[in-house]
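This report looks at one helix and then at the nonpolar cores of a protein model.

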Amino acid sequence: MGNLILCHDRHAAHPYEITRIHCRIFTIEELCYYLCNNLYLIDYTIMNGQLCDWLDEELGMDSLASDLRDVLRLRGSVEKFVLTILKASKIYREPEMIRIQNVLEHLKNQKDIERQKYKGDNLLESGEVEEAILVYQSILNQEKDETVDDKFYGKIYAGLGAAFGRLFLYQESARMYDRAYQICGDKALLKPYLYASYKYMSLEEYHILITKHEDYMEINAQMRREIDEVKESVPADTSPALLEKWKRQHRRSHS
């Protein structure tokens, strides 16, 4: 989220209510903040004449209201409607506007549930791990969406596995990766599953685990080779701080 540039001082006498979440908006800054924090969930409900009238009558933004009415009249997209508001407000800097436009373009033809997953993935990638977990869990707590296949849900569990791994909650991480593998059958999920298992299990428990499946043995051997290669490539005089940094990067790549 970029920094807000406060350039409006008009405060509505009568708020506009975002009916979807029962949120009352009094300023253009609040409207833009809502839009930018809910890009993944914005739908046609935000496009209406009432919002145009509110911008015109309550905030005196008659030019913006006129432009939005044109979007409605020409049956423009939700994305165009939102970008028209954000650009006219002049609150966000150009790099942030480009990011917002890219997100909206990506989401254009996605289902609601796909938008939610995309939000979780982006939160995880940006380091907002706890928030990503909440998004993923909210998807799993909803009634199952039959418009997506089972592998979609497997990817949600994989996302949770990565998120828990970054919080060093390795037992939860392993459980999520195992569930993801059971659904997707993707062998690429076995590596982070075994890594997380190794991190929380005793050596005896881990050795028992990897002997249960031939694929586990193969991937464990691959991980051992990778560790040996890293050790061989590390100069003898490498500082402990740098070693710790590499360890963190290695853990992150397997979470």
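## Helix H3

Helix H3, residues 62-73, has 12 residues and reaches 16 Å from its first C-alpha to its last, close to the 16 Å expected at 1.5 Å a residue. Helices here are DSSP runs of H or I with at least four residues, numbered from the N terminus, and the expected span is 1.5 Å times one less than the number of residues.

The model is predicted: local features need pLDDT of at least 70, side-chain atom pairs count only at pLDDT 80 or more, and totals for chains, interfaces and linings use all residues. Residues are numbered from 1 along each chain as its sequence is written, and side-chain values use heavy atoms, with hydrogens and water left out.

## The buried face

Leu64, Ala65, Leu68 and Val71 of H3 are buried (under 20% relative accessible area, 1.4 Å probe, protein chains only). Seen down the axis of H3, the buried residues fall within an arc of 115 degrees, so they line one face of the helix. The arc is taken from the directions from the helix axis to the C-beta atoms. Their cover includes helices H1 (28-37), H2 (49-57) and H4 (78-89).

The largest nonpolar core has 39 residues. Such a core is a set of buried Ala, Val, Leu, Ile, Met, Phe, Trp, Tyr and Cys residues joined through side-chain atoms within 4.5 Å. Its largest share, nine residues, comes from H8.

A second, separate core of 38 residues includes Cys32, Trp54, Leu59 and Val71.

Methods
Helices (H or I, at least four residues) and strands (E, at least two) are DSSP runs, numbered from the N terminus. Buried means under 20% relative accessible area, exposed over 50%, partly exposed in between (1.4 Å probe, protein chains only). Contact means heavy atoms within 4.5 Å.
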